[in-house]
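Q: I would like to learn how to read the features of a structure like this one. Where do we begin?

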Amino acid sequence: EDTASELSEMSLNSAAAPVLQMLLLAVRTNTALVAAIARALLRFDSDSGAPNKEWVRKMAQDECGSHMMEALVEVLPASEVQGLVEAMRGNFVQLSRQRTANHVVQRLLERVEELPQVRLILQELGGHIAELLQWNRPGVVRSLADMIARTKEGQSDLIKAIAKALNLSAPQEHPRLVPALLLLQHVPEDYSTVAGGVSSLIGSLLLQTLVTYEEEHMTPLLKSFAAITPEYLARIACDNSGSRALEAFLASSTVPLKAKTKVTERLSEVIVKVASDRCGSHVIENAYRAANVEKKKALVEALAKEYKVLQKSHFGAMVCKRCRVDQFVSAAADWEATEERAVKKRDLFADIIGESTGDKGGKKAKER
């Protein structure tokens with residue numbers, strides 16, 4: 001017991017804590033040893049078999065202890081995660097607000113899989129999205145979204161909570177949701193006039209997760225994507241972070257083809273600007289991969305019309321090559337036949353692995 005107490009005190013020591021972290025990561029494959037170390041570090045009560053709640057809170061809020069706990073959460077056996085969640089019960093909001101403890105909360109949310117713990121966390125944090133953003137804790141919101149994506153619990157509730165936090169909860173305000181999400185701030189009706197960039201890193205990462213939610217929960221997001229003008233869509237596509245969100249939207253198996261087509265058609269209206277850009281070129285390639293043969297043809301026709309201009313740009317030329325614009329111009333029938341064969345192969349492969357390619361409304365082909 002004295003040794004365990006000494007070990008836990010070392011986790012708060014600026015010299016000893018980094019050594020303990022390295023040792024913990026070195027033995028991560030030995031689950032029995034990791035569990036034993038975790039019980040010592042978290043001061044498990046021998047009677048209740050649970051971590052000491054006061055010590056867990058102290059450790060999470062300590063400069064050194066928080067790093068130790070992050071490492072511990074990373075290697076903790078799944079069976080021990082529940083105990084740590086219970087130790088934080090009733091304190092998730094407070095810990096999420098604290099400068100060091102919020103990182104511990106983020107790491108813990110990455111490990112939670114059991115529905116009782118998911119529901120407990122959602123009950124505590126779900127109603128505080130606005131405060132988390134106000135406290136500059138978007139990382140906690142993102143980890144919460146990732147947890148929901150894994151467990152499929154509370155998808156619609158989180159999107160509604162985020163919309164409310166951004167002061168866009170009314171249905172008529174939903175068309176502004178994607179631009180606001182990317183910036184993680186409320187935007188006016190004419191959001192194109194907002195000075196500065198069009199996205200933040202965490203906003204983009206959050207949106208990348210939200211577009212993987214099941215289709216029936218994404219209605220506000222789909223409505224917003226459909227409302228973005230070609231010009232603003234081009235700004236997002238040519239932005240380092242924003243382009244990643246668009247790529248995720250186009251690659252998502254749960255976003256319906258109709259929604260992807262709407263975005264692709266608008267991108268076609270600004271094809272030169274987007275395809276010639278370092279980031280935008282990847283968005284066009286993703287739009288091409290996501291489309292059916294008919295919509296691929298429309299996109300390639302748009303590229304072909306601007307072929308000479310695009311060839312002057314390195315990225316534009318690459319897009320034309322990867323979308324096989326040359327073959328389309330010289331032999332459209334052969335291009336179409338090749339694409340139809342490729343779609344058949346893709347659908348066959350999707351049937352084998354039991355997933356939809358996104359061409360049929362984004363539904364899973366088979367229930368897992």
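A: We begin with a definition: a polar contact is a pair of N or O atoms within 3.5 Å, and within protein one must be able to donate a hydrogen and the other to accept it. The model here is predicted. In it, Asp 62 caps the N-terminal end of helix 5, with a side-chain oxygen 2.9 Å from the backbone nitrogen of Cys 64.

Q: Is helix 5 (residues 63-75) largely enclosed or exposed, and why?
A: Buried means under 20% relative accessible area. Helix 5 has 10 of its 13 residues buried, so it is largely enclosed by the rest of the structure. Among the buried residues are Cys 64, Met 68, Glu 70 and Val 75.

Q: Which helices do the buried residues of helix 5 pack against?
A: They pack against helix 2 (16-26), helix 3 (31-41), helix 4 (53-60), helix 6 (78-88) and helix 8 (101-111).

Q: How should I read the largest nonpolar core, and which residues touch the most other members?
A: In soluble globular proteins, nonpolar side chains tend to be buried together. The largest core here holds 109 residues, and Ile 129 and Leu 210 touch the most other members. Helix 11 (residues 138-151) gives the most to this core, with 7 residues. Setting aside residues up to four places away in sequence, Leu 210 touches Ala 145, Leu 158, Ile 159, Ile 162, Leu 181, Met 218 and Leu 221.

Q: How many aromatic pairs does a search of the whole structure find?
A: A pair of aromatic rings is described by the distance of the centres and the angle of the planes. The search finds 3 aromatic pairs. One of them, Tyr 191 and Tyr 232, is edge-to-face, at 4.7 Å centre to centre and 75 degrees between the planes. This pair links distant parts of the chain, 41 residues apart: Tyr 191 is in the loop between helix 13 (177-183) and helix 14 (201-210), and Tyr 232 is in helix 16 (residues 230-237). Tyr 191 and Tyr 232 are buried.

Q: Why is the pair of Phe 225 and Phe 249 stacked?
A: The ring centres of Phe 225 and Phe 249 are 4.0 Å apart and the planes are at 25 degrees, so the pair is stacked. Phe 225 lies in helix 15 (residues 219-227) and Phe 249 in helix 17 (residues 240-251), 24 residues apart. Both are buried.

Q: Which ring face does Arg 43 lie over?
A: Arg 43 lies over the face of Trp 55, at 3.6 Å from the ring centre. Lys 296 lies over the face of Tyr 288, at 5.1 Å from the ring centre.

Technical notes: Residues numbered from 1 in each chain as written. Predicted model: local features only at pLDDT ≥ 70, side-chain atom pairs only at ≥ 80, totals over all residues. Heavy atoms only, no water. Core = buried A, V, L, I, M, F, W, Y, C linked by side-chain atoms within 4.5 Å. Buried < 20%, exposed > 50% of the residue type's maximum accessible area, 1.4 Å probe, protein only. Helix = DSSP H or I, 4+ residues; strand = E, 2+ residues; numbered from the N terminus. Contact = heavy atoms within 4.5 Å. Phe/Tyr/Trp six-rings, centres within 6.5 Å; stacked < 30°, edge-to-face > 60°. Lys NZ or Arg CZ within 6 Å of the ring centre and 35° of its normal.
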